[in-house]
Amino acid sequence: MAERQAFRPDIEGLRGIAILLVVLFHAGVVGLSGGFVGVDVFFVLSGFFITGLLARELSSNGSVDLTAFYGRRALRLLPALLLTLLVTLAAVMWLYAPIDRAAIAANARSVALYSGNIELARSSTDYFGAGDNPLLHTWSLAVEEQFYLAWPLLFLLVARKRLFLAIAIAGSLSLVASLWLTRAAQPWAFFGMPTRIWEFALGGALALGWNEPTYETDGRATILQLAGLAGIALAVATYDRATSYPGVAAVLPAMATVALIVGGQRAPASFVSRALSADWLRWLGRMSYAWYLWHWPLVGVGAVLDWEIGVWGRLAWSAVALVLAWLTHRFIEQPARDGGRLSRIPTRWLVPVALGASVVTAVAAHGAMIASQRQAAHPTAATVCRGARGPDAARLLGDDHRGAKRPVRVRRPELGDDVGAAWRFARRALARSARPCGTGARFQGDRDGEGRLPRPGHAGAHAATSQTVVPRVHALS
């Protein structure tokens, strides 16, 4: 059974690298098209940490206290998550159009109930094509939460001598399912917890076979560390949205993480271990959870405020998210662990309090969804005005979309003769509006004179030929 694990500064630094890869990938930095593999690094590290924690408790106490374990995990994760979720939901209700709010609020409800990944898989969401969802990144948090719920059961149901075998079997079945579903139903393979368990199991197998570091420089272990870094770098540089993922491709970053864990164990004094233990990387590692929570919602808000946000704009919002991450870490995460008010909650009450807070947040999100659906179902007058910058942009304004606090400039798409695409573009654009701009384009067939947008296929669904309308919107007919 595993001995007590010594603190690993190189692993803390590896967490810093993983979050940096994810943030830079989401910012669209050139050359980091595979930065999403940072999540796979986190999965392996989580399996290593949690399995070691459970194994040590089992070894010292003879059993695992599920209530205490779930309570500690909830105290560690939920305060920051629910805060970010509520702030994001408020920003969505303020800045986004009603037509967009409802789906995001529904997603927030699922996130609060630890099932955001299931909702994304059920709706066949394309991870690389759903950038307008400010809660898209929470899928991996749901996977981890579900892992925390299921994994301790192994330590209760399986004899200690067979734990390693049980983890190996669970990991093997998960990998087979991942390989199959990546071909048959890719969203379920990508977002599903069962198809990601094999990555946690890799870390768990290492934790069960743990030995104390040698505190000597082992040349072969250093080579293993270099191979691990090279594997992650290769995945980051060569993977992109066209990569069939997770599938076989996910094996590379996962095994590279294993190499870094093992190599760091055998050569804690190597130059690679020292580089990973750099203060700035370790600091990013400590901020990684909160930064992950904040960065994507802020990038989404930035995109709403400026459709042409670009890489530098996304990086700027990510920097703002890092500031929020530090504040969250300082005033929420640390007090929850280091003697603050939250850490004083009796262990027996942690799980009920966590469930209650999650349900309240889910109810708030559900209410926001219902309100958004009702508002989106009753659009009123809308006008279309020429944009301020060039012929490829249009400024779209209306009078019933109070959540959109400022005009939004929309780049003209190539609509062609696709009626459905034209309808979706015009409907979304009109919904992202703030106030009337006087007389402008009207839609023929508007009998009540309120500027309502007719349904597609209706005889009156022809846009007026005014020059204020972006070209080819007449394809609505």
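**Briefing**

Tyr114 lies in the loop between helix H4 (98-112) and H5, where helices (H or I, at least four residues) and strands (E, at least two) are DSSP runs numbered from the N terminus. This is a predicted model, in which local features need pLDDT of at least 70 and side-chain atom pairs count only at pLDDT 80 or more, while totals for chains, interfaces and linings use all residues. Residues are numbered from 1 along each chain as its sequence is written, and side-chain values use heavy atoms, with hydrogens and water left out.

**Overall make-up**

- The secondary structure of the protein comes to 16 helices and 3 strands.
- Of the 477 residues of the protein, 52% count as buried, where buried means under 20% relative accessible area, exposed over 50%, and partly exposed in between (1.4 Å probe, protein chains only).
- Among contacts (heavy atoms within 4.5 Å) between residues at least 6 apart in sequence, 76% join residues at least 24 apart.

**Backbone and loops**

- Most residues other than glycine have a negative phi, and most peptide bonds are trans.
- Tyr114, although not a glycine, has a positive phi of about 65°.
- Ser124, in the loop between H5 and H6, is also a residue other than glycine with a positive phi, near 55°, and Ser124 is exposed, with a relative accessible area of 53%.
- Tyr245 and Pro246 are joined by a cis peptide bond with omega of about 10°, and Pro246 is found in the loop between helix H10 (219-238) and helix H11 (251-266).

- Leaving aside neighbours within four places in sequence, Trp139 is in contact with residues including Val39, Phe43, Tyr127, Arg196 and Tyr292.

**Largest pocket**

- On a 1 Å grid over the protein atoms alone, a pocket is an open set of points with protein on both sides within 12 Å along at least five of seven lines, a cavity is a set of points where a 1.4 Å probe fits but cannot get out, and lining residues have an atom within 4 Å of a point.
- About 1100 Å³ of space lies in the largest pocket, a volume being the space filled by probe spheres set on the points, with grid points joined across faces, edges and corners.
- Its lining has 33 residues, of which Arg15, Phe49, Arg73, Arg76 and Arg337 lie nearest the centre of the pocket, and the largest share of the lining, 9 residues, comes from H2.
- The lining of the largest pocket divides into 16 nonpolar, 6 polar and 11 charged residues, where Ala, Val, Leu, Ile, Met, Phe, Trp, Tyr, Cys and Pro count as nonpolar, Asp, Glu, Lys and Arg as charged, and the others, Gly among them, as polar.

- The structure holds 4 cavities of 30 Å³ or more, and about 40 Å³ of space lies in the second largest cavity.
- H3 gives the most to the lining of the second largest cavity, with 4 residues, and by class this lining has 5 nonpolar, 4 polar and no charged residues.
- Thr138, one of the residues that line the second largest cavity, lies in the loop between helix H5 (116-122) and H6 and counts as buried because its relative accessibility is 5%.
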